[in-house]
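Subject: Structure handover

Hello,

Here is the structure I promised to pass on to you. Please open it alongside this email and have a look before reading on.

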Amino acid sequence: MAVERLVGGWGGMLYDPAEHRPLDTRRWSETEARASIERIAQDAIAAYRGAERPWPNAAEDLEGEADVPYRNVYFGAAGVAWALDRLARDAVAPELPGVQELAQRLHADYLETPELTALEPPPAASLFFGESGILLAGEAILRDGTPLPALAACVRRNATHPSLELCWGSPGTMTAALALWRHYGDDRWREVWLASAEHLLAEWRELVWVQDLYGSRQRFVGAGHGFAGNAFALLSGSDLLGERAQRVAERVRSVLIELAHVDREGAQWLPLVGAESHRQPIQWCHGAPGMVISLSHLPREHETDRLLSAGGELTWAAGPLRKGAGLCHGTAGNAYAFLALFKRSGEERWLERARAFAMDAAAEVDRARARRGRGRYSLYTGDLGVALLLHACLTGTAAFPFLEEALDRGA
């Protein structure tokens, strides 16, 4: 059983209410959802400035970095191009003119001007911030096999990355290899996935993995940088693990239970193991929503179901995030926890809650665009993630953007 315990400095609550705001009262409307998707896409298309310097950066994304053209998936051109292409292929938004040329240039332009080079270790091969994501986005758009040899080399090179987390390390590049294995059935993708999985499992020596990240060693719990993201990568490819799959799932389940903090509002997981944290965020990257999304592939079982559902309840009780509407640390990412629970349980209340958050996120995008005078052109921190959430709510699908089903399902 999970430990029933209270944490935090907000009257014993599992989160900080100041980080959240009341839910927008507008009701779900398929017509308005489609109109919002088109507004977001049209705004991004209108802002496109060509392959050399595709979209203006949001100041919030730069965090002191130089204002240069970024190509990465997380907040750069590859993620925006991939999202626009996916929406156009699903016939809910117009096509970006020149998207093929952009996709053909992204990797070469990245190599010519590497990004985020001041970080240690640098993210050269990573899924979100480096070559692997750019190459995978290019393959999703081009569908001609051109990026695949370079992508296979990136996955191999990243197999022993010391960060041991999703954004920079092998768990992220494992998701790329798995997507290609599912799509093409080429044994090389199964082999490179397994090579990364072997290293990741060998490094799982404690309760959770130890991350060597940003110049320090810490034990992160959440989806963006910690245990949940690593578990997601392993659980997603459990059919490739053979007889080890059940042991991995049981070990993931035991950590889910051991680290859960539960009260009457729901369940929460703190950002770090064995360290005090002044924050208890409810986001995809850290906190309950990311745990629910990442571990929703665990086998059905009473205590697992109870805790995942409780994580969804806490996400709903807390409400939308004041920080923004995006996927990584915004309302759209949290809504995917409800979609994951809908897929897992079939209970309509979760789809209804996802749609309520989606309408709220769409309204927040409109408000922010009016304040800023333009949209925020990124996949994980900006408007395109909200457009993808709205589309997921139309179809009732739960695949988290780019981490699942990065390649066109109909290709």
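Predicted model: local features only at pLDDT ≥ 70, side-chain atom pairs only at ≥ 80, totals over all residues.

Residues are numbered from 1 along each chain as its sequence is written, and side-chain values use heavy atoms, leaving out hydrogens and water.

**Overall build**

The protein has 15 helices and 4 strands; these are DSSP runs numbered from the N terminus (helices are H or I with at least four residues, strands are E with at least two). Its C-alpha atoms fill a box of roughly 55 × 50 × 40 Å along the principal axes.

**Helix H12 and its partners**

Helix H12 (residues 302–318) meets helix H11 (residues 288–295), with the axes coming within 8 Å and crossing at roughly 145 degrees. Axes here are lines fitted to C-alpha atoms, for helices over the stretch in contact, and angles run from 0 to 180 degrees between N-to-C directions. On the H11 side, the contact (heavy atoms within 4.5 Å) involves Ala288, Pro289, Met291, Val292 and Leu295, while H12 brings Leu308, Gly311, Gly312 and Thr315. This contact has 6 nonpolar, 3 polar and no charged residues (Ala, Val, Leu, Ile, Met, Phe, Trp, Tyr, Cys and Pro are nonpolar; Asp, Glu, Lys and Arg charged; the others, Gly among them, polar).

H12 also packs with helix H14 (residues 348–372), at about 35 degrees and with the axes 12 Å apart. Ser309, Gly312, Glu313, Thr315 and Trp316 of H12 touch Arg349, Trp350, Arg353, Ala356 and Phe357 of H14. By class, there are 4 nonpolar, 3 polar and 3 charged residues in this contact.

**Pockets**

A pocket is an open set of points on a 1 Å grid over the protein atoms alone, where a 1.4 Å probe fits, with protein on both sides within 12 Å along at least five of seven lines; lining residues have an atom within 4 Å of a point. Volume is the space filled by probe spheres set on the points, which are joined across faces, edges and corners.

The largest pocket has a volume of about 760 Å³. Among its 32 lining residues, Glu63, Tyr74, Tyr214, His225 and His329 lie nearest the centre. The lining has 17 nonpolar, 8 polar and 7 charged residues.

The second largest pocket has a volume of about 400 Å³ and 22 lining residues, with Ala179, Arg182, Leu403, Glu404 and Glu405 nearest its centre. Helix H7 (170–184) and helix H9 (227–236) each supply at least two lining residues, and H7 gives the most, with 6.

Best wishes
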